[in-house]
Amino acid sequence: MIETAFNPCLSCGACCAFFRASFYWAESTLGRPDGVPEHLTEKLTPHRVMMKGTGGTTPRCVALEGDIGASVRCSIHPLRAGVCRDFHASWQGGEHNPRCDDARARHGLPPLSPEDWETPPLPDLPRAA
Ligand code: SF4
Ligand code: SF4
């Protein structure tokens, strides 16, 4: 999930409640001071950890706040792991991502289209009397 001023991800969050978010342990604060907070992770293998909440059959990352499909945010956005940074919403930058479609479908959301990335037009200025 990404967060910018105009971004369909902010009213989605489906990928954070669909995939297992796993990464090399050294991406956490166990390996670097500005890493993913270690207390939000759990051990997956001797070399990998995952975000808590993303390992079961009904995953939801512990760092995800809000209501999926309505309004969400990642509470550790500046510190999130590479696996999260590298996941791009479909048609962001013009590229289709079927995995984004899959996550949205699991939560009853339609796939994004290129039009979802178009900035809404600004309202007209009021006319002078
Ligand atoms: S860390 Fe943030 S971006 Fe990554 S899965 Fe969790 S809520 Fe989503
Ligand atoms: S599923 Fe796609 S649109 Fe939804 S938050 Fe993730 S990247 Fe964004």
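**Note on the predicted chain**

1. Trp-25 is partly exposed, with a relative accessible area of 31%; partly exposed covers the range between buried (under 20% relative accessible area) and exposed (over 50%), using a 1.4 Å probe and protein chains only. The residue sits in the loop that links β1 (22-24) to β2 (41-43). Together with Tyr-24 and Leu-30, Trp-25 forms a nonpolar patch on the surface, and the accessible area of the three is about 310 Å². Patches take residues with over 30% relative accessible area and no salt bridge, joining nonpolar side chains (Val, Leu, Ile, Met, Phe, Trp, Tyr) within 5 Å and like charges within 9 Å.

2. Basis of the note. The model is predicted, local features need pLDDT of at least 70, side-chain atom pairs count only at pLDDT 80 or more, and totals for chains, interfaces and linings use all residues. Residues are numbered from 1 along each chain as its sequence is written, chains are lettered from A and ligands numbered from 1 in the order in which they are written, and side-chain values use heavy atoms, with hydrogens and water left out.

3. Overall layout. Two helices and five strands are assigned, in the order β-β-β-β-β-α-α from the N terminus. Helices (H or I, at least four residues) and strands (E, at least two) are DSSP runs, numbered from the N terminus. Along the principal axes, the C-alpha atoms fill a box of roughly 70 × 30 × 25 Å.

4. Burial and surface. Of the 129 residues in the chain, 36% are buried. The accessible surface is about 8000 Å², with 56% of it belonging to carbon and sulfur atoms; areas come from the Shrake-Rupley method with a 1.4 Å probe, and for residues only the protein chains shown count as cover. Taking contacts (heavy atoms within 4.5 Å) between residues at least 6 apart in sequence, 53% join residues at least 24 apart.

5. Charges. There are 13 positive and 15 negative side chains, and the centres of the two sets lie 7 Å apart. Lys and Arg count as positive and Asp and Glu as negative, while His and the chain ends are not counted. Each charge is placed at NZ of Lys, CZ of Arg, CG of Asp or CD of Glu.

6. Salt bridges. Side chains of opposite charge can pair when their charged atoms come close. A salt bridge here is a side-chain nitrogen of Lys or Arg within 4 Å of a carboxyl oxygen of Asp or Glu, and the count comes to two. Arg-32 pairs with Asp-34, with the closest N and O atoms 2.9 Å apart. Arg-32 is partly exposed at 40%, and Asp-34 is partly exposed at 44%. Glu-65 pairs with Arg-73, where the closest N and O atoms are 2.7 Å apart. Glu-65 is partly exposed at 38%, as is Arg-73 at 40%.

7. Met-50. This residue belongs to strand β3 (residues 48-51) and counts as buried at 8% relative accessibility. Not counting residues up to four places away in sequence, the residues that Met-50 touches include Ala-21, Phe-23, Leu-40, Leu-44 and Gly-55. Cys-100 is 50 residues from Met-50 along the chain, and their C-alpha atoms are separated by 19 Å.

8. Arg-104. The side chain to check is in helix α2 (residues 98-106). Arg-104 is buried yet has no salt bridge, and the nearest side chain of opposite charge, Asp-116, is 5.9 Å away. Leaving aside neighbours within four places in sequence, Arg-104 is in contact with Cys-12, Ala-14, Leu-109, Pro-110, Pro-111 and Leu-112.
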